[in-house]
Amino acid sequence: VQLQASGGGLVQAGGSLTLSCAASGNKAGINIMGWYRQATGKQRESVATAATGGTINYADSVKGRFTISRDNAKNTAYLQMNSLKPDDTAVYYCKYVDRWDVQWGQGTLVTVSS
């Protein structure tokens, strides 16, 4: 599986962005796609994950502001980010996990100005 992430950019605080992660290659029927982020000087952290069975998890810091979704027909996961804060500034990575494979997409930079 290969992942292609897109959608990062510069936005003012309170604004919105949508990230996309397109998966190509042989995907398992059961898998998890998710978004992680890494701010400068900090460890990479989970932002949101969505499993094929429908289970969704969010980091407490983004609950109510971010929404993860999947379009399985397009093999694409999305992260709708609303009410962005300067603390959301980071490189965002998408991740794919199934029982045989773990893949990371290239990062996409999100910068939120105050």
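Predicted model: local features only at pLDDT ≥ 70, side-chain atom pairs only at ≥ 80, totals over all residues.
Residues are numbered from 1 along each chain as its sequence is written, and side-chain values use heavy atoms, without hydrogens and water. Local features need pLDDT of at least 70 and side-chain atom pairs pLDDT 80 or more, whereas totals for chains, interfaces and linings use all residues.

Strands (DSSP runs of E, at least two residues, numbered from the N terminus) are taken as paired if DSSP finds at least two bridges between them. Strand 1 (residues 2-6) is joined to strand 3 (residues 17-24) by five bridges; Leu-3 stands opposite Ala-23, and Ser-6 is partnered by Ser-20. Six bridges connect strand 3 to strand 8 (residues 76-81), including that between Leu-17 and Met-81.

Two aromatic pairs are present (ring centres within 6.5 Å; planes under 30 degrees apart stacked, over 60 edge-to-face, the rest tilted; the six-membered ring is used for Trp). Tyr-36 and Trp-104 are edge-to-face, at 5.0 Å centre to centre and 70 degrees between the planes. Tyr-36 belongs to strand 4 (residues 32-38) and Trp-104 to strand 10 (residues 102-104), so this pair ties together parts 68 residues apart in sequence. The rings of Tyr-93 and Trp-104 have centres 6.4 Å apart and planes at 90 degrees, and the pair is therefore edge-to-face.

Technical notes
Helix = DSSP H or I, 4+ residues; strand = E, 2+ residues; numbered from the N terminus.
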